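Here is a short report on one protein chain. Keep the sequence and the 3D view open while you read.

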Amino acid sequence: LCLAWISVSKAQDGAKLFKQNCAVCHAAHTDQKLTGPGLKGIFDRAPKGDWLKRWIINNEKLIKSGDAYASKIYNENGKVMKGQNYFRPDLTKIVK
């Protein structure tokens with residue numbers, strides 16, 4: 001029961017952080033493009049491992065490194081998202 005509460009608590013923390021930091025530009029459960037792309041299916045589309053965290057923290061660096069998927073996202077959207085390094089400690093509550 002305690003582990004279930006911790007899991008729910010972390011999920012609630014992640015949802016709150018997403019609303020505060022991401023939802024103004026990204027739709028969480030649809031493909032709808034706001035300022036940035038919709039995030040439906042992002043974990044299936046994006047490269048595995050820590051790629052998504054690296055994109056969120058400093059996507060310009062990832063693009064400049066020659067990462068093919070980062071370049072694809074940039075070309076589809078015509079702009080980059082400002083790096084979100086300021087909430088790096090909380091990022092694992094949103095992206096595992």
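Aspartate 50 counts as partly exposed because its relative accessibility is 44%. This is a predicted model. The side chain of aspartate 50 forms a salt bridge with that of arginine 54, at 3.2 Å from N to O. Arginine 54 has 39% relative accessibility, so arginine 54 is partly exposed too.

The salt bridges in the model number two. The other pair is glutamate 76 and lysine 72, at 2.6 Å from N to O. Both residues sit in helix α4, four residues apart, or about one turn of the helix. Glutamate 76 is partly exposed, with a relative accessible area of 48%. Lysine 72, at 40%, also counts as partly exposed.

| Salt bridge | N to O distance |
|---|---|
| aspartate 50 – arginine 54 | 3.2 Å |
| glutamate 76 – lysine 72 | 2.6 Å |

**Aspartate 67**

Which side chain of opposite charge is nearest to aspartate 67? It is arginine 54, 4.8 Å away.

**Fold and burial**

The chain has five helices and zero strands. Along the sequence, the pattern reads α-α-α-α-α. Of its 96 residues, 29% count as buried. Leucine 62, in helix α3, is buried because its relative accessibility is 5%, under the 20% cut-off.

**The largest pocket**

How much space lies in the largest pocket? About 910 Å³. The pocket is lined by 38 residues, and those closest to its centre are Phe18, Cys22, His26, Pro37 and Leu39. Two or more lining residues come from each of α1 (2-21), α2 (42-45), α3 (51-64), α4 (68-77) and α5 (91-94). Helix α1 gives the largest share, six residues. By type, the lining holds 22 nonpolar, nine polar and seven charged residues.

Notes: Residues numbered from 1 in each chain as written. Predicted model: local features only at pLDDT ≥ 70, side-chain atom pairs only at ≥ 80, totals over all residues. Heavy atoms only, no water. 1 Å grid on protein atoms, 1.4 Å probe; cavity = no way out; pocket = protein on both sides within 12 Å on 5 of 7 lines; lining within 4 Å. Points joined across faces, edges and corners; volume = space filled by probe spheres on them. Nonpolar A, V, L, I, M, F, W, Y, C, P; charged D, E, K, R; others polar. Buried < 20%, exposed > 50% of the residue type's maximum accessible area, 1.4 Å probe, protein only. Lys, Arg positive; Asp, Glu negative; His and termini not counted. Salt bridge = Lys/Arg side-chain N within 4 Å of Asp/Glu carboxyl O.
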